Amino acid sequence: MKKENENFFYDYKVDDENRLENVFWSNASSRAAYADFGDCITFDTTYKSNKHHLPLAVFVGVNNHLQSTIFGVALMGNESEESFKWVFSRFLECMGGKQPICILTDQCPAMAKAIPKIFPRTLHKFCRWHIMNKHKDPLKKLYKLFPYLKDQLTAILNHPLMPSEFEDAWKALIEKYNLHDINVMINLWAERKLWISAYWKEVFCARMTSTQRSESMNFVLKRGFVTERDNLHIFAKQVNNCVQARHEAENAEANASTGIRKTVTRYGFEAQVMDKYTRAVYSVFRERQYHSTAFRIKTSQDNPNNYLVHHYNQSKEFAWSRHEFRVLADEAEGRYECECKLWEHTGLFCHHVIAIFEHLRLDEIPSKYILQRYTKDAVTNPDFNRRDYRTTTEDGTSIEYIRTILYSEAVKIINKGCSSEAKFQIALSAFRDADSRLDNENAELENNEDAEMENNEQSSNQDNTTRETGSQNDIPQAENNDPYADIQPPLVAITKGSKTTDAARKNGKCKPPVPARPEPELDEYGRPKGTRICGTCNKIDGHNSRTCKARQLAKKLLETHEKVYGPTASSGNIKVRIRNLLARQHIPETDDEEKLDTDEGECFEDETDDEEYEQEDEDEDITEQEETQNTPDVDDKLENLNKKGGQRKCSVCNLRLGHYASTCPNKEKILQQQIIERQTSDGAIVKPKGVKACGTCNKIRGHNSRTCERRQLEEQLLHLQSTENDSNTMEDRSKEKKNRKKTQTTPAAIRRSTRKR
């Protein structure tokens, strides 16, 4: 951007470790827009707009089309007073020392301390929405206790014109509902001069009373341009794209304002306003002119230039509110002033003054009451080029004109070259020849620029060495390296409201930063293996979470653990979490699958002897040792999960450990002991009926849920009940048919009844 336009402003700050801390930049078009519409600005920070979680701070204003426009953008490493002072000072330097009339922010204490030091002549106001949102919970409780309190409080905040009116109305409300000792009302009253509009009616604010424009601009940036995973260079490009998109919308509205429009009335002042104002501002004027017809005008007896304007439908609900507005209208001197101070506050006429214009049949409004910032000619030509990109060549020729000429000539050659093969070859060779000549010309220009830069650096080094103060050894020599090469990327910022203590980080309550998008793995030919990120290992390796090798290896480790130590009482979700945790750890892949296998031939359906049991115990000890060497973390996690007991008693081990017969970890050992006891007592070989428990009767009897006798009996009972219901329904249907036949009134039935008679 600096190469495109030298008026692009940027500055940055690094910390002691040479890491990037704060960055501020502003386009040339944004600087020119501030010169035209920088009388009132809003400033707000938002989060999760880049990979490093640096808070994004945007200076926003309103242009002559009542659209939001960006004046400057900053990324802050933290939200301390020093960071805000640095950002505000860079903004003031960028804008040539011009301070805004008013600035709207939220209730950030560090921001409130920094603004008076950098902008001493600027009025700092708090956003009304942030204040009401801060106290919304205690206010909701009051609204439930007093149903009419919300409407009356809203009326007090909106309608009063003067500070005395607001204070009288507030005291009456407190007395009515006995809210003297309520903390939320005390806090709102203490900060009234920072957010109640009645205290700064005479200060121009350009129709902005909250940081809604900054909030909406942050929403536009995060919704359509930047994401939480963007690097800083991508983030800067996307912000610039947003600025250019705002300029396109502004240009479209400017073109629409040049169209032909018609006035609603024949008044001369309306034709003047339509000719001066932009389309958006004139729409606001017409709407207020429509509502002004609801007011009645009375001439004051003391002074004929004073008028009393009142609404014909006066409300008697709020006795403190003024319903008659005193308007001074002196046609000779060209003075038009209203008690509501809306023109002083916003720069646009109120309903009362417009009603006076219609009453006086005014032909022309004095030019001092039509602010230039709302007119079609509000955009001025600054001393510098306000275009962010080049639109002309070095000799002043328009780039669009050159592009149009070249395009038309190229189309002619293409059309001629399509007629035959020989002409096609001639056209193709001409294009290739022109392309090579242009490449050579660009290379020569780049070499000349590099030579000029080297000469300038050498001359600057010679100037440094010939200084009178100090010797040559004491003076640092200029380096030819890139000045930004040694700057390190910033750390992940800790914003307001985040958990910053070490205890919170250890407990997992502090949300970790979003990982950056990894680079894709390359195949043997140097091509990326894919574009999709695996949700398990966070790699781009041509697979997904379902086919991830790390996930499969972790699953085998869990299966091995269950085979060695028995199934656990953990739920399925906990097992999935442990599997994903193992998959994200670095587990070396090995071809030795014996470490992951267990004795799959271990089955109680075979004949059992004491020697076989001893051999199986030795094999289990070996596998347990191997598994404990490979999976120490899994053992600790599963032991912690099994510490919690349950109320249900296992029918195998007779313990209350939160499991039942089918998931008992000691089931195999207990069954072996029972078999050994029966063999020693009876002397016969006993075989267990099975290992798995039935899902219907929950017993180990050598069957499953499909072949369970209990389930078969239940199905038979259900079948009998269904057949009985079907028979009952059939009988009911036959009875209904008989009743219908008896009550039939068809002609044939009438004839039969008459014959019988």
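The model described here is predicted.

**Strand E2 and its partners**

- Strand E2 (residues 20-26) pairs with E1 in the antiparallel sense over six bridges.
- Within this pairing, leucine 20 of E2 is the bridge partner of valine 14, and tryptophan 25 of E2 stands opposite tyrosine 10.
- The hairpin of E1 and E2 has five residues between the strands. In this hairpin, asparagine 18 takes a positive phi near 60 degrees.
- E2 also pairs with E5, again in the antiparallel sense, over four bridges. Here phenylalanine 24 has alanine 74 of E5 as its bridge partner.
- Seven of the seven residues of E2 are buried, so this strand is largely enclosed by the rest of the structure.
- In a regular strand, side chains alternate between the two faces of the sheet.

**Aromatic pairs and the aromatic cluster**

- Across the whole structure, a search finds 27 aromatic pairs.
- In the pair of phenylalanine 269 and phenylalanine 285, the ring centres are 6.4 Å apart and the planes stand at 75 degrees, so the pair is edge-to-face.
- Phenylalanine 269 belongs to helix H12 (residues 268-276) and phenylalanine 285 to helix H13 (residues 279-292), so the pair ties together parts that are 16 residues apart in sequence.
- Both phenylalanine 269 and phenylalanine 285 are buried.
- One aromatic cluster is formed by Phe9, Phe24, Tyr34, Phe43, Phe59, Phe71, Phe84, Phe88, Phe91 and Phe119.

**Helix H12**

- The buried residues in H12 are Phe269, Glu270, Gln272, Val273 and Met274.
- The elements that cover the buried residues of H12 include H13 and helix H15 (351-360).

**Arginines over aromatic rings**

- Arginine 192 lies over the face of tryptophan 189, at 3.9 Å from the ring centre.
- Arginine 373 is placed over the face of tyrosine 374, at 5.2 Å from the ring centre.

**Glutamate 250**

- Glutamate 250 is located in helix H11 (residues 232-257).
- With a relative accessible area of 16%, glutamate 250 is buried, because the term applies under 20%.
- Residues up to four places away in sequence aside, glutamate 250 touches Asn63, His65, Gln67 and Val379.

**Asparagine 183**

- Asparagine 183 lies in helix H8 (residues 183-190).
- The relative accessibility of asparagine 183 is 56%, so this residue counts as exposed, the cut-off being over 50%.
- The C-alpha atoms of asparagine 183 and proline 138 are separated by 8.8 Å, while the two residues are 45 residues apart along the chain.

Methods
Residues numbered from 1 in each chain as written. Predicted model: local features only at pLDDT ≥ 70, side-chain atom pairs only at ≥ 80, totals over all residues. Heavy atoms only, no water. Phe/Tyr/Trp six-rings, centres within 6.5 Å; stacked < 30°, edge-to-face > 60°. Helix = DSSP H or I, 4+ residues; strand = E, 2+ residues; numbered from the N terminus. Buried < 20%, exposed > 50% of the residue type's maximum accessible area, 1.4 Å probe, protein only. Lys NZ or Arg CZ within 6 Å of the ring centre and 35° of its normal. Contact = heavy atoms within 4.5 Å. Pairing = 2+ DSSP bridges.
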